[in-house]
Amino acid sequence: MGDLIEAMKRRVSVRSYADRPVEQSVKDKIRGLLEVHNMGPFGNRVRLGLIDLSDMEQAETRRLGTYGFITGARLYVASVVGGGPGAMQDAGYCLEQVIIRITHLGLGTCWLGGTFKRASFAERLSLSNDEIIPAISPIGYARDRRTMRERVLRRFVGADQRKPWTVLFFEGAMDKPLPREAAGDYATVLDCLRLAPSASNGQPWRIVKPKDANVFHFFLKRTPGYAKFLRGLDLQLVDMGIAMSHFELAARETGLDGTWKAGDPGFGGNEAEYVISWVGK
């Protein structure tokens, strides 16, 4: 099993961080990752910024504001993107490419989309008028034991639960679950996609595979009541980018080549929005 697949299986959301600084050599590796993984499948360049609060007092770091969801973190990575088609998906895709590799380095992370003060982070990232911050993640070493608050929060959002295979993956149409054996060489890839993090653990992706073809159509089935909020921000499209990242990373590590292509097959009906397709070679 490849290193990144193992990292996808091992990754959990870490909200409480140990009082142990991230070594400078590791920070340099992270900066290198940010410079490489900055272009998404939809063609948007994503600016990934590293915010290092190591020299700040704790009171000053609190003013950045993660609403008490994160404690002890002194290092953050943020995705910054302009508007345009596919921008949210590309932001999710690029940041998850980095987060999985950071997990492989032995560090903890946690996706934050709606629980941080954007204005405070925007000032540190020198945002232009047409840029937004879809999501950020703290980076650091996890505490040996989760706090009571973190344990309660994980139970509340169902962090350790995933929708079953039959709810997420389909064959030929949205009403026919994909048998695992029909996924062929892509069974492990879909397992990795199923592990992808999402806002409120909503897992809004639905994948339709035509029979006898290694093509996978990605659809978004929106969570009722999970409205778009803030200017130009759609967290469930960010979730789709995260899912795409897991799928591609796992496919490449298992030797399955392919490309992302747009072309709505018409399977979604009124229940799901078409996003993109993976066409295997």
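Predicted model: local features only at pLDDT ≥ 70, side-chain atom pairs only at ≥ 80, totals over all residues.
Tutor: Residues are numbered from 1 along each chain as its sequence is written, and side-chain values use heavy atoms, with hydrogens and water left out.

Student: How many helices and strands are there in the protein chain?

Tutor: The protein chain has nine helices and nine strands. Both are DSSP runs numbered from the N terminus: helices are H or I with at least four residues, strands are E with at least two.

Student: What makes β3 and β4 a pair?

Tutor: Two strands pair if DSSP finds at least two bridges between them. β3 and β4 (residues 131-140) have two bridges, in the antiparallel sense. G108 has G140 of β4 as its bridge partner.

Student: How do you know that β2 and β4 pair?

Tutor: Seven bridges join β2 and β4, again antiparallel. Y76 stands opposite P138 in β4.

Student: Why are β1 and β3 called edge strands?

Tutor: The open sheet has four strands in the order β1-β2-β4-β3, with antiparallel pairing. β1 (47-52) and β3 (108-109) each pair on one side only.

Student: What makes β4 mostly covered?

Tutor: Buried means under 20% relative accessible area, exposed means over 50%, and partly exposed lies in between, using a 1.4 Å probe and protein chains only. In β4, 10 of its 10 residues are buried. For the protein chain of 281 residues, 54% count as buried.

Student: Why is M39 called partly exposed?

Tutor: M39 has a relative accessible area of 38%, so M39 is partly exposed. M39 sits in the loop between α2 (24-36) and β1.

Student: Which residues does M39 touch, leaving out those up to four places away in sequence?

Tutor: M39 touches N44, R45, Y93 and C94. Contact means heavy atoms within 4.5 Å. M39 and Y93 are 54 residues apart in sequence, with 8.8 Å from C-alpha to C-alpha.

Student: Why are α4 and α9 called oblique?

Tutor: Angles under 35 degrees count as roughly parallel, over 145 as roughly antiparallel, 65 to 115 as roughly perpendicular, and the rest as oblique. The axes of α4 and α9 (residues 235-253) cross at roughly 50° and come within 7 Å. Therefore α4 and α9 are oblique to each other.

Student: Which residues of α4 make the contact with α9?

Tutor: On α4 they are M88, Q89, G92, Y93, E96, Q97, I100 and R101. Residues on the α9 side include L237, M240 and L249. The contact residues divide into nine nonpolar, six polar and three charged.

Student: Where does α4 lie on the sheet?

Tutor: α4 (residues 87-104) lies across β1, β2 (75-82), β3 and β4, running at about 155° to β2.

Student: Which residues of α8 are buried, and what do they pack against?

Tutor: The buried residues of α8 (residues 187-194) are A187, V189, L190, C192 and L193. They pack against α1 (3-10), α7 (165-168), β5 (169-171), β6 (205-209), β7 (215-220) and α9.

Technical notes
Axes fitted to C-alpha atoms, helices over the stretch in contact; angles between N-to-C directions. Nonpolar A, V, L, I, M, F, W, Y, C, P; charged D, E, K, R; others polar.
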